[in-house]
Amino acid sequence: MKPLAHPAAPARPSALALPLFLLIIMACWAGARPALAFCGFYVAKADAKLFNQASQVVLVRDEDRTVMTMDNDFKGDAKEFAVVIPVPTFIERGQIHVAERALIDHLDAYSAPRLVEYYDPDPCQRWGTKDRINVGGYAKATEMAAAPARARSLGVTVEATYTVGEYDIVILSAKQSDGLEIWLRESGYQIPQGAARALGAYIKQGMHFFVAKVNLKEQGKLGFTYLRPIQVAYESPRFMLPIRLGMVNAAGPQELFVYALTRKGRVETTNYRTVRLPTGEEVPLFVKNEFGPFYKAMFSRQVRKEEMRTVFLEYAWDMGWCDPCAADPLSAAELHSLGVFWLGDSGPAPAGGARGKIGRPGRPPGFGPAPVEGVFLTRLHVRYDAAHFPEDLVFQETGDNENFQGRYVLRYPWTGTAACEAAAAYRRDLATRQRQEAQTLAELTDWDVAKIRRKMNLRASGSVTPPDEPWWKRIWQ
């Protein structure tokens with residue numbers, strides 16, 4: 001889902017609220033867990049802002065009903081913005097809405113792959129330990145459609161025209177791709193050369209076209225200086241996302257993040273393989289300060305490994321809870337604004353979760369927004385181009401509600417001086433672990449393992465030399 005021009009999106013800040021960390025602490029201390037259970041401290045995230053030319057789409061889906069929210073990465077003069085989106089059915093005025101970008105930013109922050117850290121316990125202590133939490137413009141749509149006779153001569157039918165918020169929108173149908181391309185050009189749209197072929201595939205499927213431009217006058221009245229996401233609600237058995245038009249004028253591979261909100265479980269693509277990213281890997285401590293470059297290198301490595309022919313799963317989780325939470329859960333009001341229309345339904349709950357249930361048993365009051373149960377979030381990430389993704393993305397909702405998150409682990413060594421048999425064994429094992437962390441990072445990213453080891457300050461034996469270790473301490477080790 002790309003606009004006709006697509007420079008990099010501007011960076012946008014996100015926030016992390018303290019009360020949620022307090023809840024995580026209470027959850028971690030509530031009972032004993034294995035050393036590397038999910039309970040840990042989230043310290044960094046890899047959100048969509050790491051990538052240039054990245055589009056974000058939210059798909060709310062239940063049976064044949066879909067609400068699609070599109071956040072364009074267009075940057076430039078608003079009068080030059082235009083987007084053409086194939087849709088499966090005719091769209092009425094009431095089916096179109098303009099959303100706030102903060103909704104997608106929040107969803108992105110909540111589901112982004114994350115880095116968590118753990119601290120090794122004192123090996124000489126025999127009792128259970130707890131994870132240490134370190135809180136830290138063109139003409140209006142009516143004017144564009146002012147020549148119906150010309151449109152008819154080109155095989156184009158202007159089904160409807162609307163102004164919604166700061167957008168002028170035209171709903172079209174067409175009989176031939178060449179005629180539609182000519183009409184779009186004559187109406188002021190900067191359609192790239194070669195668009196007719198992509199348009200023709202959608203015309204053969206009997207699809208309509210949702211065409212939007214910015215109404216500069218309305219934008220000025222509303223006071224917005226950026227383009228807000230466009231939302232469309234429709235009903236169709238087709239659960240798909242058109243991406244081919246956006247590749248016509250693409251300068252190279254593009255990034256797409258899809259956030260699917262469903263009732264039952266995980267969403268996957270049916271015409272491309274859906275692959276889980278590596279997760280749970282232990283990486284060297286310096287990755288904490290280089291998590292963005294690490295994640296981009298790791299993702300690129302996976303794309304190469306799969307020959308850029310797969311869609312990657314980054315997150316799948318019932319939104320009734322998270323562990324750890326990378327951001328506050330979305331509230332019921334936020335989910336409703338994204339189009340989750342079934343919240344509050346009184347019908348029978350589907351398998352895998354309660355329907356529209358808000359809150360979670362045992363959650364203390366006053367710790368941020370209560371999670372909303374009965375909504376399953378799937379985050380998919382795909383890097384695509386025309387050569388490797390010749391078809392639009394087709395999805396299906398599965399009954400799989402197994403939790404998954406892309407997470408990468410930092411383990412801080414114990415630095416105590418206690419002497420016992422367990423401490424001696426720990427120090428021997430630590431050297432092996434650190435060598436493995438270096439090798440794992442090299443395999444995940446294709447980075448030079450020798451450079452990684454130097455950056456970790458690994459001695460020939462493989463263990464890290466503490467910078468403040470007394471010189472004599474190494475003599476008899």
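A salt bridge is a side-chain nitrogen of Lys or Arg within 4 Å of a carboxyl oxygen of Asp or Glu. By this criterion, Glu63 and Arg65 form a salt bridge, with their closest N and O atoms 3.9 Å apart. The structure holds 27 salt bridges, and a search of the whole structure also finds 17 aromatic pairs and 1 disulfide.

This is a predicted model, in which local features need pLDDT of at least 70 and side-chain atom pairs count only at pLDDT 80 or more, while totals for chains, interfaces and linings use all residues. Residues are numbered from 1 along each chain as its sequence is written, and side-chain values use heavy atoms, with hydrogens and water left out.

**Nonpolar cores**

- A nonpolar core is a set of buried Ala, Val, Leu, Ile, Met, Phe, Trp, Tyr and Cys residues joined through side-chain atoms within 4.5 Å. Buried means under 20% relative accessible area, exposed means over 50%, and partly exposed lies in between (1.4 Å probe, protein chains only).
- The largest nonpolar core has 102 residues, and those with the most contacts inside it are Phe210, Leu261, Phe294 and Leu393.
- A second, separate core has 23 residues, among them Val170, Trp183, Leu184 and Val211.
- Leaving aside neighbours within four places in sequence, Leu393 is in contact (heavy atoms within 4.5 Å) with residues including Phe239, Met240, Leu241, Tyr272 and Val382.
- In soluble globular proteins, nonpolar side chains tend to be buried together.

- Side chains of opposite charge can pair when their charged atoms come close.
- Asp71 forms a salt bridge with Arg101, the closest N and O atoms being 3.8 Å apart. Asp71 lies in strand β3 (residues 65–71) and Arg101 in helix α2 (residues 101–111), so this pair ties together parts that are 30 residues apart in sequence. Helices (H or I, at least four residues) and strands (E, at least two) are DSSP runs, numbered from the N terminus.
- Asp71 counts as buried at 4% relative accessibility, and Arg101 counts as buried at 11%.
- Arg433 forms a salt bridge with Asp120, with 2.7 Å between the closest N and O atoms. Arg433 is buried with a relative accessible area of 13%, and Asp120 counts as buried at 11% relative accessibility.
- Salt bridges link Asp120, Glu282, Arg411, Arg433 and Glu437 in a network.

**Aromatic rings**

- Rings of Phe, Tyr and Trp (its six-membered ring) pair if their centres lie within 6.5 Å; planes under 30 degrees apart count as stacked, over 60 as edge-to-face and the rest as tilted.
- The search of the whole structure for such pairs finds 17. Phe291 and Tyr408 form a tilted pair, 6.4 Å centre to centre with 50° between the planes.
- That pair links distant parts of the chain, with Phe291 in helix α8 (residues 291–305) and Tyr408 in strand β20 (residues 407–412), 117 residues apart. Phe291 counts as buried at 3% relative accessibility, and Tyr408 counts as buried at 0%.
- Tyr295 and Phe299 form a stacked pair, 6.5 Å centre to centre with 20° between the planes. These two residues are 4 residues apart in helix α8, a separation of about one helical turn, and both Tyr295 and Phe299 are buried.
- Phe51, Phe257, Phe291, Phe294, Tyr295, Phe299, Phe312 and Tyr408 are linked into a cluster by ring pairs.
- The charged end of Arg244 sits over the ring of Tyr202, 4.7 Å from its centre. The criterion is that NZ of Lys or CZ of Arg is within 6 Å of the ring centre and within 35 degrees of the ring normal.

**Disulfide**

- Cys124 and Cys420 form a disulfide (a pair of cysteine sulfur atoms within 2.5 Å), and their sulfur atoms are 2.1 Å apart.
- The torsion about the S-S bond of Cys124 and Cys420 is about -95°, so the disulfide is left-handed.
- Cys124 counts as partly exposed at 25% relative accessibility, as does Cys420 at 28%.

**Backbone**

- Most residues other than glycine have a negative phi.
- Glu63, in the loop between β2 (54–62) and β3, has a positive phi near 55°.
- Glu307 has a positive phi of about 60° although it is not a glycine. Glu307 lies in the loop between α8 and β16 (310–318) and counts as exposed at 55% relative accessibility.
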